[in-house]
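Subject: Structure for you to look at, with notes

Dear colleague,

I am passing the structure on to you below, together with notes on what was found in it. Please read the notes with the coordinates open beside them.

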Amino acid sequence: MVLWIGVDDTDSLQGMCTTFLATEIVRDLTEDFDLIGYPRLVRLNPNIPWKTRGNGAVCMRFGEGVGRPFVVGSIAGRPIQAYSRGRTISEQAAVADRIAPLVERWSRFDDSTTNPGFAVLRGQPTPTLYWRAVRGVVSKRSAKASARGLGVVRSYKNGRGLIGALAAIAWRPRDRTYEILTYRALEAWSTERRIAPESVIRMDHDFPSTFNNYDYANDRAVIAPRSPCPILFGIRGDDPAVLPAAMSIIDGERPERWLIFETNQGTDDHVMSRASPRPHLTVRLEGDVSSLPRVLAGGHVVVRVGPIDITAYEPSKQFRSVVRNLLPGDRVIAMGAVRASPATLNLEKLCVVSAVSVVRKVSNPLCPACGKRTKSLGRSAGFRCPRCRTLVPRDAARWEAVERPLAPGWYEPPVGSRRHLSMPIKRMLRSSHTALPVHVGLAAQAREALLRDLRGTSPMPLGTGLLNSEARDPETGL
Ligand SMILES: [Zn+2]
């Protein structure tokens with residue numbers, strides 16, 4: 001048993017970062033106590049309307065370390081060690097009194113959306129609190145109730161941060177990843193970051209257990225935030241042991257401190273597999289595509305699947321081409337956040353379970369009586385000879401298969417437009433969460449060829465009936 005410390009909602013869109021506050025707490029408390037396990041960075045429901053930047057809370061455990069320590073960070077030249085197990089310390093109130101001034105110093109009280117809260121507990125609140133906070137909406141009252149009798153809670157302003165602080169403590173990892181976060185020297189804050197992109201590519205290649213480092217589709221490094229916060233960069237991965245070596249490969253500005261966090265990032269913990277699509281939830285649903293894709297103003301692409309429209313938004317870039325290439329009858333698994341207005345599922349990942357076959361008519365049949373080429377009588381109506389008026393059934397025409405550019409398998413947005421909690425397909429494969437193949441995008445030529453076929457001739461998804469091919473306008477045919 002150890003002391004559990006949770007902190008949340010100290011940052012703002014204009015700067016600061018709750019994880020930096022965590023390094024300050026670690027720096028202060030490790031002078032008298034031992035850090036037990038990795039500090040934790042726990043992301044909560046990304047669809048909460050009042051969330052701060054990444055909706056991330058932190059949790060740290062302190063006690064009297066048992067066994068051999070391991071290095072989890074470095075602050076101002078001092079190595080930070082942690083122990084995998086620890087004995088409890090009793091100075092709960094004293095610890096809270098040490099944390100309060102740090103929270104007060106490093107929180108953005110000037111920002112109306114920043115509502116800090118922290119807790120120092122002897123044990124964890126029920127795991128249900130974490131699951132509700134990562135998937136749904138939790139009230140401050142019920143969060144507080146789950147910590148009753150466990151220790152000290154403090155909150156500032158409207159105190160909403162207490163919800164995340166307690167939920168972070170309540171996290172019992174079912175799946176976990178790690179992130180090494182590096183921080184800039186105080187005098188460098190809000191200046192431009194210097195990070196050599198080619199060193200990020202090198203690191204990405206040399207450390208295959210890391211993920212979300214470089215957006216190859218858009219040719220940019222994505223390890224550094226673009227906000228004026230104290231973070232220099234962060235590297236995410238499955239193996240914490242290699243992260244310091246991965247960090248040292250990055251060329252450019254040197255970090256003043258770094259710390260490895262255990263996190264729920266990249267775990268899909270926020271996704272509900274059996275929920276009906278309601279606003280603020282992230283759901284996984286399987287169904288058949290029932291419309292042709294539409295491209296909206298702004299470049300968003302929408303298609304109907306079962307009970308709901310699914311949308312690939314413009315920032316998901318190349319991922320939109322996957323949705324643009326869906327056809328009615330394709331079977332898909334869609335994962336994403338449900339928006340109330342317009343009612344749509346904002347895609348985070350898409351799996352093409354099966355794609356319908358598309359055939360096109362190569363030529364009309366010849367008249368069996370006189371040998372003249374027949375004319376079409378409209379869709380599903382067959383053919384007639386223009387000379388002797390003999391009728392010929394529709395299936396007498398010659399058809400050929402059109403190659404779809406959309407192979408079955410999983411697709412995801414480029415690295416730069418993924419959510420913190422979304423499990424990258426790279427991880428799904430590693431943890432055998434999927435048996436289906438993976439695709440990062442579509443071959444442009446294959447796509448163009450399909451579009452030509454759709455517009456120019458007569459596409460027909462088998463098993464879903466005929467598109468209105470004679471009108472030469474598949475969009476209005478359904
Ligand atoms: Zn004829």
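In which loop is Lys157 found? Lys157 is found in the loop between β9 (151–155) and α5 (161–170), where helices (H or I, at least four residues) and strands (E, at least two) are DSSP runs, numbered from the N terminus.

Before going further, please note that this is a predicted model, in which local features need pLDDT of at least 70 and side-chain atom pairs count only at pLDDT 80 or more, while totals for chains, interfaces and linings use all residues. Residues are numbered from 1 along each chain as its sequence is written.

Backbone details

Lys157 has a positive phi of about 50 degrees, although it is not a glycine. With 16 C-beta neighbours inside 10 Å, Lys157 counts as partly exposed; the rule is that a residue is buried if 20 or more other C-beta atoms lie within 10 Å of its own, exposed if 12 or fewer, and partly exposed in between, with C-beta atoms placed from the backbone. Ser190, not a glycine either, has a positive phi of about 65 degrees, and its place is the loop between β10 (177–183) and α6 (197–206). Ser190 counts as exposed, because it has 11 C-beta neighbours inside 10 Å. A cis peptide bond, with omega of about -5 degrees, joins Ser341 and Pro342, and Pro342 lies in the loop between β21 (331–339) and β22 (344–354).

The chain as a whole

The secondary structure of the protein chain comes to 10 helices and 29 strands, and buried residues make up 45% of its 478 residues. Among contacts between residues at least 6 apart in sequence, 70% join residues at least 24 apart, a contact being two residues whose C-beta atoms, placed from the backbone, lie within 7 Å.

Helix α1

For helix α1 (residues 18–29), the 12 residues should span 16 Å at 1.5 Å a residue, and the end C-alpha atoms are 16 Å apart, which agrees; the expected span is 1.5 Å times one less than the number of residues. Nine of the 12 residues of α1 are buried, so the helix is largely enclosed by the rest of the structure. Among these buried residues are Phe20, Leu21, Ile25, Val26 and Leu29.

Strand β4 and its partners

Strand β4 (residues 56–66) has eight of its 11 residues buried, so it too is largely enclosed by the rest of the structure. Two strands are taken to pair if DSSP finds at least two bridges between them. On that basis β4 pairs in the antiparallel sense with β1 (residues 3–8) over five bridges, with β2 (residues 34–36) over two bridges, with β3 (residues 40–43) over four bridges and with β7 (residues 85–87) over three bridges. Individual partners can be located as follows: Val7 has Val58 as its bridge partner in β4, Leu35 stands opposite Phe62, Arg43 stands opposite Gly56, and Val66 has Arg85 as its bridge partner in β7.

Within β4, Glu64 is partly exposed, with 14 other C-beta atoms within 10 Å. Leaving aside neighbours within four places in sequence, Glu64 is in contact with Asp34, Gly86, Arg87 and Ile89.

A three-stranded sheet

An open sheet of three strands has the order β24-β25-β26, with antiparallel pairing. Its edge strands, each pairing on one side only, are β24 (375–376) and β26 (391–392). Strand β25 (residues 383–384) pairs with β26 over two bridges, and the bridge partner of Phe383 in β26 is Val392.

Nonpolar cores

A nonpolar core here is a set of buried Ala, Val, Leu, Ile, Met, Phe, Trp, Tyr and Cys residues joined through C-beta atoms within 7 Å. The largest such core has 77 residues, and those with the most contacts inside it are Ile5, Phe62, Ala119, Leu166 and Ala167. Its largest share, eight residues, comes from α5. This core draws at least three residues from each of domain 1 (3–170) and domain 2 (177–263), with domain bounds that come from an automatic or database domain assignment. Apart from it lies another core, of 35 residues, among them Val283, Leu327, Val356 and Leu406.

With best regards
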